[in-house]
2 protein chains.
Amino acid sequence: MEEGTSTSPGYCCDTEGEFNDAFQWDAREDCEVRQILDRIADKWSLLVVALLEHRKLRFTELRREIDGISQRMLTVTLRHLERDGLVRRTVHPTVPPRVDYALTPLGVTLHQTVQTLVAWTDANQREIAAARAAYDRREAEFAAAQ
Amino acid sequence: MEEGTSTSPGYCCDTEGEFNDAFQWDAREDCEVRQILDRIADKWSLLVVALLEHRKLRFTELRREIDGISQRMLTVTLRHLERDGLVRRTVHPTVPPRVDYALTPLGVTLHQTVQTLVAWTDANQREIAAARAAYDRREAEFAAAQ
DNA sequence: CCGTATCCCTTGGGATACTG
DNA sequence: CAGTATCCCAAGGGATACGG
């Protein structure tokens, strides 16, 4: 079940917006952007998508490649991605069972899009680290002054 | 404190990668990409950034515009964004106090980057919704067959 | 090999009350 | 107005054990 399907559109149609951004979303929790962002942003999804970029992988292969993931969370993550049409699950009726996972075309486009964000992170991580350090230093000085 | 500062680099340096992606990240939890993704993916950050795109806003103005946010979470979110150098907080020493928030140049570039993700979501929400519906239908049929 | 089921702990985040 | 401080609950996710 898990909803996410039958809720109202949620994406903000620009009703008399004072600023005409190309995109603008509202604050509702059932917003489509939120739904999908939550998927993208959970602890493991992007890692799975990244690993599947160029190749099919079996369950156990994914498990080995993703350091620290529990069996449960790998299953849950894969099911979510499959439900969203981002990953295709193929079961080979052999014994012992063999299941492999691959990106769908939609999954590939998501991966490409996410790369721009990763690129941004890569380009700005030093600046962010510096900002954090500066903030923490100011905070420490302030605390010391008390 | 809150770490995030002193941990090891965490971003995968491409040591003998069999696939030479432009970007590739490892599975470590302290990965820089994760750190920053966690920030942009939390419940309110992007909403705040979006609202600040073109204008400064005061604390209460943000609170009014973001439907459903608690006072506590607005404070926490703003502090995080400020610490990361994405938002600048300006206190006017008047009485009653006046504080306003604006994006830094870095914050502006983040916002722009995120827009590509929002655009992807916008372009593909129907396909995702359809995939979910199909998945749920198959699941329901399977359950009925039991 | 590929999962599901259960238990349990940690974290995110809402409600409320209080301060400079 | 612009926050802090406290309490508390629900969801996320790890560990473990079992099943087809």
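Val87(B) stands opposite Leu103(B) in strand β3(B). This pair belongs to a predicted model, in which chain A and chain B contact each other and residues surround DNA strand C and DNA strand D. The points below begin with the strands of each chain, then turn to the DNA, the contact between the chains, and the salt bridges.

**Strands in chain B**

- Val87(B) and Leu103(B) face each other, and the strands β2 (residues 87-92) and β3 of chain B pair in the antiparallel sense over six bridges.

- Chain A has an open sheet of three strands in the order β1-β3-β2, and the pairing is antiparallel.
- β1 (57-58) and β2 (87-92) of chain A are at the edges and have a single partner strand each, so one side of each is left without a neighbour in the sheet.
- Six bridges join β2(A) and β3(A), which pair in the antiparallel sense.
- Within this pairing, Arg89(A) has Tyr101(A) in β3(A) as its bridge partner.
- Arg89(A) and Tyr101(A) are also among the residues closest to DNA strand C.

**Around DNA strand C**

- DNA strand C is surrounded by 19 residues, and the closest are Thr60(A), Gln71(A), Thr75(A), Arg89(A) and Tyr101(A).
- Of the atoms of DNA strand C that come within 4 Å of the protein, 62% are accounted for by sugar and phosphate.
- Gln71(A) approaches a base: a polar atom of its side chain lies 2.3 Å from a base nitrogen of DNA strand C.
- Val99(A) has a backbone N or O atom 3.4 Å from a phosphate oxygen of DNA strand C.
- Chain B takes part as well, with an N or O atom in the side chain of Ser70(B) 3.3 Å from a phosphate oxygen of DNA strand C.
- The elements that each supply at least two residues of the surface near DNA strand C are α3 (59-65), α4 and β3 (98-103) of chain A, together with α4 of chain B.
- α4(A) gives the most to this surface, with four residues.
- Sorted by class, the surface near DNA strand C has eight nonpolar, four polar and seven charged residues.

**Around DNA strand D**

- DNA strand D has 18 residues around it, and the closest are Met73(A), Thr60(B), Gln71(B), Arg89(B) and Tyr101(B).
- Sugar or phosphate holds 63% of the atoms of DNA strand D within 4 Å of the protein, and the rest belong to bases.
- A side-chain N or O atom of Gln71(B) is 2.3 Å from a base nitrogen of DNA strand D.
- Pro97(B) has a polar backbone atom 3.5 Å from a sugar or linking oxygen of DNA strand D.
- From chain A, Ser70(A) places a polar side-chain atom 3.3 Å from a phosphate oxygen of DNA strand D.
- At least two residues of the surface near DNA strand D come from each of α4 (71-83) of chain A and α3 (59-65), α4 (71-83) and β3 (98-103) of chain B.
- The largest share of that surface, four residues, is from α4(B).
- The surface near DNA strand D has seven nonpolar, four polar and seven charged residues.

**Where the two chains meet**

- In the contact between the chains, 61 residues of chain B touch 61 residues of chain A.
- The two chains bury about 5,900 Å² between them, and 64% of this is on carbon and sulfur atoms.
- Nine residue pairs are in polar contact between chain B and chain A.
- On the side of chain B that touches chain A, α1 (32-41), α2 (45-51), α4 and α5 (105-145) of chain B give two or more residues each.
- α5(B) gives the most to that side, with 23 residues.
- The residues on that side divide into 27 nonpolar, twelve polar and 22 charged.

**Salt bridges**

- Over all chains the count is eight salt bridges, and between chain B and chain A the count is four.
- Asp84(A) meets Arg132(B) in a salt bridge, at 2.6 Å from N to O.
- Asp84(A) also forms a salt bridge with Arg39(A), with the closest N and O atoms 3.2 Å apart.
- This second pair links distant parts of the chain: Asp84(A) is in the loop between α4 and β2 of chain A, and Arg39(A) is in helix α1 (residues 32-41) of chain A, 45 residues apart.

Methods
Residues numbered from 1 in each chain as written. Chains lettered and ligands numbered in written order. Predicted model: local features only at pLDDT ≥ 70, side-chain atom pairs only at ≥ 80, totals over all residues. Heavy atoms only, no water. Near = heavy atom within 4 Å. Polar contact = N/O pair within 3.5 Å; in protein donor to acceptor, adjacent residues only side chain to side chain. Nonpolar A, V, L, I, M, F, W, Y, C, P; charged D, E, K, R; others polar. Contact = heavy atoms within 4.5 Å. Buried area = accessible area lost by both parts, 1.4 Å probe. Salt bridge = Lys/Arg side-chain N within 4 Å of Asp/Glu carboxyl O. Pairing = 2+ DSSP bridges.
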